[in-house]
Amino acid sequence: MTNPPPPGNWSDPTWSAQPSSPAPDPTVVAGQPVPAQPGPVDPYAPAPYAPDPYAPDPYAPVDPYAGAKQSAAQPMPGYAPPGYPPQYPGYGYPQPPKTNGMAIAAFVLALIGFTSCITAPIGAILGHVAQKQIRLSGEGGAGMAKAAIIVGWILTGFLVLVIAIYAAAIIYAIATSDNSSSSSY
C-alpha cells in the first residue's frame, strides 16, 4: 500500500522513490577531498632506520683506484647518517632497578629474629639504613626495608616484654621465698 502524494506544491523527500540529490561524499569537504587518516602503528614492524644486514658496509675503506662513487663520509641513500643513535633504543619492558643489598640483609635478619630474637633489632636498624640508601641512590628494595623495620621492631618489643616478664617472675620468686633455709645454722 502506498500513500498518496502530498497536497500542493510541497514535495516530501520520503514519498518520492528517487532522491532529489545524490548523498554527499563524506570524504569531500568544501569541494576539497579530506586526506586519509593514518592507520594504527604496528609496534612489531621493523624500524625504518635499521640498516640492511646484507648491504655493503659504508664504513669500509674505499679503494680510490676502483672508481667507487660512494665515499665513506656520505651516508647510503635510504639510511640514517652515521653517528646518530637509534631512534628507538629497545623493545619490551625496562629493567627493574637493582635491589639494595642492605635491604635484603635487613629483611633476612628481621625474619631470623623469629627464632633467635637477637637479630630482630639488628634487622630493624639495618632497615632504617637501607631506606636512607634507597632514597639517595634510587635503588629498589624499599618494601623489603620497610618490612624489615616493622618486623624487627615488633619482635624487639616482644623480646623486651618477655625479658620484663622473666625479670618480674624472678623478683617475685625471690621476694616470696622462705628465708628460713639460710638461718638454720
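Modeller: One term is needed before the residues: a residue counts as exposed when its relative accessible area is over 50%, as buried when that area is under 20%, and as partly exposed in between. The model is a predicted one.

The setting comes before the part. The protein chain has three helices and two strands, and from the N terminus on these elements run β-β-α-α-α. The chain has 185 residues, of which 11% count as buried. Among contacts with a separation of 6 or more, 56% are between residues 24 or more positions apart. The chain exposes about 15,300 Å², and carbon and sulfur atoms supply 67% of that area.

The part I will describe is helix α1, residues 101-116. Helix α1 has 16 residues and spans 22 Å from its first C-alpha to its last, close to the 22 Å expected at 1.5 Å a residue. Four residues of α1 are buried: A103, A106, A110 and G113. These buried residues line one face of the helix, because they fall within an arc of 70° when seen down the axis of α1. They pack against α2, residues 119-137, and α3, residues 142-175.

The packing can also be described from the side of α3. That helix has 34 residues and reaches 49 Å from its first C-alpha to its last, close to the 50 Å expected at 1.5 Å a residue. Its buried residues are A145, A148, I149, G152, L155 and T156, and what covers them includes α1 and α2.

Next, the start of α1. N100 lies in the loop between β2 and α1. A side-chain oxygen of N100 reaches to within 2.7 Å of the backbone nitrogen of M102 at the start of the helix. N100 has a relative accessible area of 3%, so it counts as buried. Apart from neighbours within four places in sequence, N100 is in contact with A130, Q133, I134, E139 and G140.

Side chains of opposite charge can pair when their charged atoms come close. E139 forms a salt bridge with K98, and the closest N and O atoms are 3.4 Å apart. This pair links distant parts of the chain: E139 is in the loop between α2 and α3, K98 is in the loop between β2 (32-33) and α1, and the two are 41 residues apart. A search of the whole structure finds one salt bridge. The two partners fall into separate classes of accessibility. K98 has a relative accessible area of 60% and is therefore exposed. E139 is at 23% relative accessibility, so E139 counts as partly exposed.

Last, the other end of the helix. α1 is followed by C117, which is found in the loop between α1 and α2. Most residues other than glycine have a negative phi. The phi of C117 is near 65°, a positive value in a residue other than glycine. With 28% relative accessibility, C117 counts as partly exposed.

To put the part together: α1 has N100 at its start, with a side-chain oxygen within 2.7 Å of the backbone nitrogen of M102. The buried residues of α1 pack against α2 and α3, and C117, with its positive phi, follows the helix.

Definitions and conventions:
Residues numbered from 1 in each chain as written. Predicted model: local features only at pLDDT ≥ 70, side-chain atom pairs only at ≥ 80, totals over all residues. Heavy atoms only, no water. Expected span 1.5 Å × (residues − 1). Buried < 20%, exposed > 50% of the residue type's maximum accessible area, 1.4 Å probe, protein only. Arc of directions from axis to C-beta. Contact = heavy atoms within 4.5 Å. Polar contact = N/O pair within 3.5 Å; in protein donor to acceptor, adjacent residues only side chain to side chain. Salt bridge = Lys/Arg side-chain N within 4 Å of Asp/Glu carboxyl O. Areas by Shrake-Rupley, 256 points an atom, 1.4 Å probe, with all protein chains shown as cover.
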